[in-house]
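Thanks for coming, everyone. Let me put the structure up, and then we'll walk through it.

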Amino acid sequence: MTAPASPSAHVEVRNLSITYGGRLIQQDLTFTVGRGEVFVIMGDSGCGKSLLMRHMIGLDPPAAGEVLYGGEPLWAAGEEQREQLKLRLGVLYQNGALFSSMTLEENVSLALVMHAGLTPAAAGDVARLKLALVGLSGFEGHYPSEISGGMRKRAGLARAMALDPEVLYFDEPSAGLDPLSSKRLDELILELRDSVGTTIVLVTHQLPSIFELGDHAVFLDADQKTMTALGRPEELKDSPDPKVRAFMSRGRQ
Amino acid sequence: MKSTALEAAPASVGVLREGADLHVRLSGDWTLGARLPSVEPLAPEIEARPTSRVVFDADELGDWDSALVTFVYAVAGLAGMRDVPVDLGGLPRGVQKLVSLARANQPRVEAPPEDDDALTARVGKVALRAWRTLGDALHFLGEVVVALGRLLRGRSRIRRVDLLHAFEATGIGALGIVAFINFLLGAVLAFVGAVQLQQFGATHFVANLVAIAVTRELAALMTGMVMAGRTAASFAAVLGTMTVNEEMDALTTMGLRPVDFLVAPRVVATACMLPALVAYADVMGLLGGLFVGVTVLDLGTTQYLRQTEAALALRHVIIGVAKGALFGLVVSITGCYYGMRCGRSAAAVGEATTRAVVAGIVLVVVVDAAVTLFLHLARL
């Protein structure tokens, strides 16, 4: 660790390099996510933004570099420590990734029973509360195949929030949702941040979400294989990089 | 070169040199489906002599569609490979625009690796892949052993309901098909045996044949095969779909190891249920033999049962049931392995399932042969 973490830094990505199947995807990624902010990872299709998220949540090991949570390294740590660190993260996957053999309530209570040591009954109470928070009370006994795509995503959010994570990751939250459902999900994300103070990392290329939610954003360039912009979304409209400018204005210059 | 055709003039191409310029003259109707000149004769023209640029003349061009654009694009490609500039000015505006659009996207620089199609290369590739799979499978086997250790010491995080469900799916769910197949197996054995034994007037020894063959060898083998088709396929498909659906990732980020949570319960359930199924299959096979013996071969029920009792040493049954446990491990670990290593598409799930079944059946037979050889050497 070279520099001490600033007091507000929550997640730090340092000199991270990402490879996929032996091919270099991104390199020299360095940015900091402040505590309680909404941070957006954006870029065009295929730039590796979902892959970056997988590295930040401990799924894929980086080719080089480190990810720190409150100053604690994720990858330099041993497996036990990494498991502990991962419990402080919640992830909403692109299609919800609900366990199809479990009801919504079982999906949400799984981590509570396994890690928080709650009895199934107590975990069920918490699970019903989390499902109610995302507007799914009454659907506790449904299986993922019985509800719509938007509901699955909200159920996935309820599951991601089960252990009251410090950092919540969203992989393309509005992918496959109609504009209204996607706006509702955005509002839900903001409410979460405002009420619990959760740090939120958003992987998306939806401009409305980026401008409405993002406090800071990083832009990954697929051709240059590194980040080409970092800052507030409004400021990035006037970025010196023409590609970032075009992206932020949807090609209108 | 002057043509005065008014309708349906055949497409033709002529080449003319003016200094270092290569003029390509297009005439006639260039439409898809018509007989079109090939690009190939132009290649040596561009290559052979120094050419400063390629110019298209289209004064006598009739109708045109994608056929002409394809031709011009190919010529421009040939010229581009030799850094010869191309003048499209003489072509219709539409053709110019389409060719420029197509050439605006530079082809990707990284060429796909060339496939060496020689027999030796293919054999080598297959061998290397088999070697990698072997190493990877051994690694997986190690993970499973560690996970089983944690499960048996009660230190892994699983849901008891999942374990019970695995027991139900691998055991009770297979009762019907195992009974059906082994009953028929016993019946067929009795028939085949009777034909031979009748020649020596020893028909009642059919009971001995059925009893030993079924309990020691065939009930376990058939049940293992059925489970490879049923259980290995189901494990590979379920775990593969969970991989595609990011459920594996979700488990991992929740701090639950997929090998502990999903694989170990399935392996334990299959390894426990398969011996029980083999014992059950033994009974069904004997009943099949009895049925044929009594109804077709005119042996008395009592006579048949007494003969069976005399022939059936306990060690035959134990060997068959023990093989069942071994097959249970083989089938469940194979199915889970292909499911866990599934790619991230729907097609990959199908492929994983196919491989799981094929590998499951092959491994069951190989293990069976190895055990039989071992028992022979150990004189059991």
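Predicted model: local features only at pLDDT ≥ 70, side-chain atom pairs only at ≥ 80, totals over all residues.

Residues are numbered from 1 along each chain as its sequence is written, and chains are lettered from A in the order in which they are written.

Now the helices. Helix α7 of chain B covers residues 206-244, and helix α10 of chain B covers residues 301-311. They pack at an angle of about 50°, with axes 8 Å apart.

Who meets whom? On α7(B), the residues are B:Ala207, B:Asn208, B:Ala211 and B:Ile212. They meet B:Tyr304, B:Gln307, B:Thr308 and B:Ala311 in α10(B). Contact means C-beta atoms, placed from the backbone, within 7 Å.

Next, B:Arg266. Its place is in helix α9 (residues 258-295) of chain B. Buried or exposed? B:Arg266 is buried, because 27 other C-beta atoms lie within 10 Å; the cut-off for buried is 20 or more. Leaving out residues up to four places away in sequence, B:Arg266 touches B:Ala166, B:Phe235, B:Ser332 and B:Cys336. From B:Asp21, 245 residues apart along the chain, the C-alpha separation is 74 Å.

Last, the two chains. Their contact takes 11 residues from chain B and 17 residues from chain A.

How values were computed
Contact = placed C-beta atoms within 7 Å. Axes fitted to C-alpha atoms, helices over the stretch in contact; angles between N-to-C directions. Helix = DSSP H or I, 4+ residues; strand = E, 2+ residues; numbered from the N terminus. Buried ≥ 20, exposed ≤ 12 C-beta atoms within 10 Å, placed from the backbone.
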